[in-house]
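These are my notebook entries on a single protein model. I record what I looked up, entry by entry, with the criteria stated where they are first needed.

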Amino acid sequence: NAIVHHGSQAHAQPGCSRKMMKETAPAAIHLKDYAPPRWRILSVDLCFVLDPEDTRVRSRLTLVRNGQAEAPLQLNGQDLVLHHIRLDDRPLQPGDYHLEGETLTLHDLPERCELSLETGIAPAANTALEGLYVSGGNFCTQCEAEGFRRITWFLDRPDVMAVYTVRIEADKARYPVLLSNGNLTDSGDLPEGRHFAVWHDPFPKPSYLFALVAGDLVCRRDGFTTRTGREVDLRIYVQRHNLDKCDHAMRSLQASMGWDEDTFGREYDLDIYMIVAVDDFNMGAMENKGLNVFNSKYVLARPDTATDDDFVAIESVIAHEYFHNWSGNRVTCRDWFQLSLKEGLTVFRDQEFTADQSLRAVKRIQDVQRLRTLQFPEDAGPMAHPVRPQSYIEINNFYTMTVYEKGAEVVRMIQTLLGREGFRRGLDLYFDRHDGQAVTTDDFVKAMEDANARDLSRFRRWYDQAGTPLLEATGTHDPETATYRLTVRQSCLPTKGQPEKLPLHIPLVMALLDARGREIPLRLEGEDSAVAGERTLELTAPTHVFVFQDVPELPVPSLLRGFSAPVNLRFPYTDAQLAFLMAHDTDDFNRWEAGQQFALKVLQGLIEAVQAGQPLMLDARFAQAFGQVLANGALDAALVAEALTLPGEGYLAEQMAVVDVDAIHQARQFLRQALGAALGDRFRAVYEATAGAQGMDATAMGRRRLCNLCLAYLCASGEAEAVALARTHYGSADNMTDAMGALRALLDCPGEARDQALAHFEARWRDDPLVLDKWFGLQAMDAAPGALDRVRGLMSHPGFSIRNPNRVRAVLGTFAMANPVHFHALDGSGHGLITDSVLELDALNPQIAARLVTSLSRWRRFDEERQGSMRRCLERIVAHPGLSRDVYEVASRSLD
Ligand code: ARG
Ligand code: ZN
């Protein structure tokens, strides 16, 4: 049922080519069809004889029947050449087995048997970067979700867990380092300059956690002693020239190991933990047991090559993959519909880790921004799916913001409902109960319920219902009875296949503030005594009315504190109330949120003015509130920087009935310019006060962030003096954060200073691909005229390659996601460029091609002309012969 055709087809099995089936539409797989495996694999012995063109994989599987005697054994395989097959040491002839498409079937097997296979694969021709492939001359693997079937025939599903022993043989000079999961049990030399290594992983694991690495690598070594005294050997493998960029990754790993012990009582379980950085990688990183493989972007950092944001991202991805050792590896997923079981939980855990390393409120603000700008649109478009999807064509398309980030919000809500201690009890029970098993999100919720004697049956709907709920709240105060009535109504728009939405269990954390900004003690109708501070209201019905007693004057409600649920909240605040909350709310997150809502109102007014052809004016009250935040020396710099960042163009687009990319861009640019001009002296003063921060701690990072933000506002005002300041800022930067801050600020100022700085940057960094990506990205997002030619120019830069996912993301991904004015150019040229690239990419790397298609999927949100242009592009994609399942699924779903 596959119509995948791409470059790595060279070695397709003769007679079983998927090409023969190319005209059939790919079939969907449904959660409701789940059935337990009919065979189990107790142990796997693999032997790899490595060669870029023809690698031989010998496997010996110990199989045991797990169902009725008639059940045949059906193994998955893709792009494999079958050389030999033996059953219990008896060679099989073609008539003894059945090989069709991507399935190898054997009938009438004994209850228990051993199957030996020899397969041939071509790693150097593998451009999909799934299975075994070559990156930078080295071998590496990516098996999640279904890449293992590109290595050998197997029961490639997560509920089949086996113990692996892996022997690797290769040329010793070219591939001095040979790695796999678990512990090294043997190694030595072979004739003809070859050598071997044998690795054994004692923990049964699903095939998606298998990994192999072979190459010319060096390692940075350190150690960690676990709380029970186990000495763990820590190694980060990189290419030799990157050895001086591993310190931060190593420290992050050690911090993660300590944190998981302290916070969740989770200890590491092998004697060695390895991380390998590779340059060609589809995603961020992969949690293979004991042998993580990382996109080098999430390992390599030095203050002069990586920004503060890069440092924080590296720390969080290192933590994320490490935390998977428990939430994912020790307890794994029964099937891929349960992906959020490990991803939502592990994102929640890495978010908490980062919050503990820095300022919790800033981390929360950034996570919510990410959710709102990336997940909310997904949940409102044709690709909308529940945290636990009910069907898919290609599972790689479901490594989404919904499964990851909304999934993490769902876990966070459980913690909010149960309290930190209750949540910890639930998590302990989950790990105890299911260690070594492949389970479901239901099992997770059940453990939370059982450990806390709570009923979360209504809460479970969060896993099955797509769409972002809307909370509409209103409040009325009655001075006679000194009561405040808060009415909250929940609703959710229909999504594909879910016309009717049921009410969800939503934790609403709130407080009431008096005129001086103090929290009013809360006592609901029917309660004996008031409780100081905030409380968590639980919404379970379509509408709730909460009547608070002893409220003498009209309060200002502070609702959804800390963003206690992934919802849109509407409350009819006046501008004065928003300015009040911006200055006085005792919840850091909600202070920021009030500023965002105020800015949103102002920007919406400006967008309307642009559309009506009216002059644009700066709202005086907003400018004043904004200026007060800037002048508030009591606030942490990082928090000020977040408060002074206006909602992004994507978020503004989400708020419009018909997206007007030009009006949005003009309105936002105007507001930045007007604020920069009106508050120029203050921006300059804060710039001076924060410039020159040293070190990589959270405080220094916060100061640099604020400093660069001030510079950007100053440059937005267009003053010549500001341009000169940015030029100096660039020239004197001793770290990448300031260098990029200056370039970003200069992006708004066409002219010599800008051109010189960009040229200097390219000359300085053209040989460092990760740094060059920043230069690519900056220009791909440049809203100045001529963007299309610029992007084409970048694609013919010697540092660009369509085969490298990081380069594609930096140029094409950034253009499609962060340059709305030109991507959505009225003549359709932006859409066309992305469409051409999608089709070119699809033949090489369907996963990356499919990601790019999502930029076209929300075509219904635009005016008629743009709708037409985007729709025609999607139709052109769907009609393309030999399309991958990946791209077919996204494009066809977007159209229907
Ligand atoms: N499990 C990995 C992570 O979250 C992601 C790997 C996904 N890879 C893929 N090709 N879909 O860290
Ligand atoms: Zn993950």
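This is a predicted model: local features need pLDDT of at least 70, side-chain atom pairs count only at pLDDT 80 or more; totals for chains, interfaces and linings use all residues.

**Entry 1. Criteria and conventions.** I call a residue near a molecule or strand if one of its heavy atoms lies within 4 Å of it. Residues are numbered from 1 along each chain as its sequence is written, chains are lettered from A and ligands numbered from 1 in the order in which they are written, and side-chain values use heavy atoms, with hydrogens and water left out.

**Entry 2. Surroundings of ligand 1.** I looked up which residues surround ligand 1 and found 15, the closest being Glu144, Glu287, Glu321, Asn396 and Tyr404. By class, this shell divides into five nonpolar, five polar and five charged residues. For this division, Ala, Val, Leu, Ile, Met, Phe, Trp, Tyr, Cys and Pro count as nonpolar, Asp, Glu, Lys and Arg as charged, and the others, Gly among them, as polar. Strand E20 (285-286), H2 and H3 each supply at least two residues of the shell. Helices (H or I, at least four residues) and strands (E, at least two) are DSSP runs, numbered from the N terminus.

I then listed polar contacts, meaning pairs of N or O atoms within 3.5 Å; within protein, one must be able to donate a hydrogen and the other to accept it, and residues adjacent in sequence count only if both atoms are side-chain atoms. An oxygen atom of ligand 1 lies 3.2 Å from a backbone N or O atom of Ala285. A nitrogen atom of ligand 1 is 3.0 Å from an N or O atom in the side chain of Glu343. A polar side-chain atom of Gln847 lies 3.1 Å from a nitrogen atom of ligand 1. Taken alone, ligand 1 exposes 350 Å², of which the protein buries 97%. Accessible areas come from the Shrake-Rupley method with a 1.4 Å probe; for residues, only the protein chains shown count as cover.

Entry 3. Buried means under 20% relative accessible area, exposed over 50%, and partly exposed in between (1.4 Å probe, protein chains only).

Entry 4. I placed Asn452 in helix H6 (residues 441-452). Asn452 counts as buried because its relative accessibility is 16%. A polar atom of its side chain lies 3.0 Å from the backbone oxygen of Gly422, and one lies 2.9 Å from the backbone oxygen of Met448. Contact means heavy atoms within 4.5 Å. Not counting residues up to four places away in sequence, Asn452 touches Leu418, Gly422, Arg425 and Gly426.

Ala453 is in the loop between H6 and helix H7 (461-464). With a relative accessible area of 74%, Ala453 is exposed. Phi of Ala453 is near 50 degrees, a positive value in a residue other than glycine.

**Entry 5. Cys333.** Is Cys333 buried or exposed? Cys333 is buried, because its relative accessible area is 0%. Cys333 sits in strand E22 (residues 332-333). Beyond neighbours within four places in sequence, its contacts include Pro158, Asp159, Leu341 and Val439.

**Entry 6. Helix H26 and Asp863.** Helix H26 (residues 885-895) is mostly covered, with nine of its 11 residues buried. The cover includes strand E23 (391-392), helix H23 (829-842), helix H24 (846-853) and helix H25 (864-879). Asp863 lies in the loop between H24 and H25. Asp863 counts as partly exposed because its relative accessibility is 21%. The side chains of Asp863 and Arg866 are joined by a polar contact of 2.7 Å.

**Entry 7. Backbone geometry.** I noted a cis peptide bond between Glu144 and Ala145, with omega about 0 degrees.
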